[in-house]
Amino acid sequence: MNSSSSMTSPEEGMRAALEIARTALATGDVPVGALVLNPAGEIIGRGSNRREVDSDSTAHAEVVAIREASKSLKNWRLDGCTLIVTLEPCAMCAGAIAQSRISRLVFGAWDEKAGAVGSVWDVLRDPRSPHRVEVLAGVLQDECAELLGTFFQQFRN
């Protein structure tokens, strides 16, 4: 699963996550994309929302990417890895990030309704949490929010 090249910036990683998110559009799932980078910056896991396709409420993009990365490393501990995702993780995904020991989270759009990394809750930076995650928020925020907004617009008309 390793990518032949490494991601050199959060923006480059987010652009790759946006491409993954666009693949979810064809499935009817909410277009969220995620990828996991190893410490060298190589992609070891990719995921898009698969709740509709898999009839699985836990098949969020982050969880799919974490599962693939863990298989790639043959280890559930993703120490030193970075998760890049187009939307602020929910409480379930924030918990999965902490449990997998991911070191860094980069996300794009804020989720004012269900976000658990600063919007509604802050699961990852709660002082009671035993695992700390470095967070970089708002990377390519406008592009990430636009993709989601376009998707949800179809339900408002």
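R128 is exposed, with a relative accessibility of 73% (exposed is over 50% relative accessible area, buried is under 20%, and partly exposed is in between, with a 1.4 Å probe and protein chains only). Its side chain meets that of D126 in a salt bridge, 2.6 Å from N to O. The model is predicted: local features need pLDDT of at least 70, side-chain atom pairs count only at pLDDT 80 or more, and totals for chains, interfaces and linings use all residues. Residues are numbered from 1 along each chain as its sequence is written, and side-chain values use heavy atoms, without hydrogens or water.

**Salt bridges**

- Side chains of opposite charge can pair when their charged atoms come close.
- The structure holds five salt bridges (a side-chain nitrogen of Lys or Arg within 4 Å of a carboxyl oxygen of Asp or Glu).
- One of them joins R50 to D54, with the closest N and O atoms 2.9 Å apart. R50 is partly exposed at 30% relative accessibility. D54 is also partly exposed, at 38%.
- Another links D122 and R125, at 3.0 Å from N to O. D122 has a relative accessible area of 28%, so it counts as partly exposed. R125 is partly exposed at 38%.

- Strand 1 covers residues 33–37 (helices, H or I with at least four residues, and strands, E with at least two, are DSSP runs numbered from the N terminus).
- Five of its five residues are buried, so strand 1 is largely enclosed by the rest of the structure.
- G33, L35 and L37 point one way, while A34 and V36 point the other way; all are buried.
- Strand 2 (residues 43–48) runs antiparallel to strand 1, joined by five bridges (pairing takes at least two DSSP bridges between two strands). L35 stands opposite R46 there.
- L37 faces T82 of strand 3.

**Nonpolar core**

- The largest nonpolar core has 43 residues (a set of buried Ala, Val, Leu, Ile, Met, Phe, Trp, Tyr and Cys residues joined through side-chain atoms within 4.5 Å). M14, L83, I97, L105 and L124 have the most contacts inside it.
- Elements that each supply at least two residues of this core include strand 1, strand 2, strand 3, helix 3 (61–73) and helix 5 (141–156). Helix 1 gives the most, with five residues.
- L124 touches A94, I97, A98, L105, A116, V117, H131, R132 and V133, leaving aside residues up to four places away in sequence (contact means heavy atoms within 4.5 Å).

**Aromatic pairs**

- The count is two aromatic pairs (rings of Phe, Tyr and Trp, the latter by its six-membered ring, with centres within 6.5 Å; planes under 30 degrees apart are stacked, over 60 edge-to-face, the rest tilted).
- F107 and W110 pair edge-to-face, 4.9 Å centre to centre and with 85 degrees between the planes. F107 is buried at 0% relative accessible area, whereas W110 is partly exposed at 33%.
- The ring centres of F151 and F152 lie 5.1 Å apart with planes at 80 degrees, so this pair is edge-to-face. F151 is buried at 7%, whereas F152 is partly exposed at 34%.
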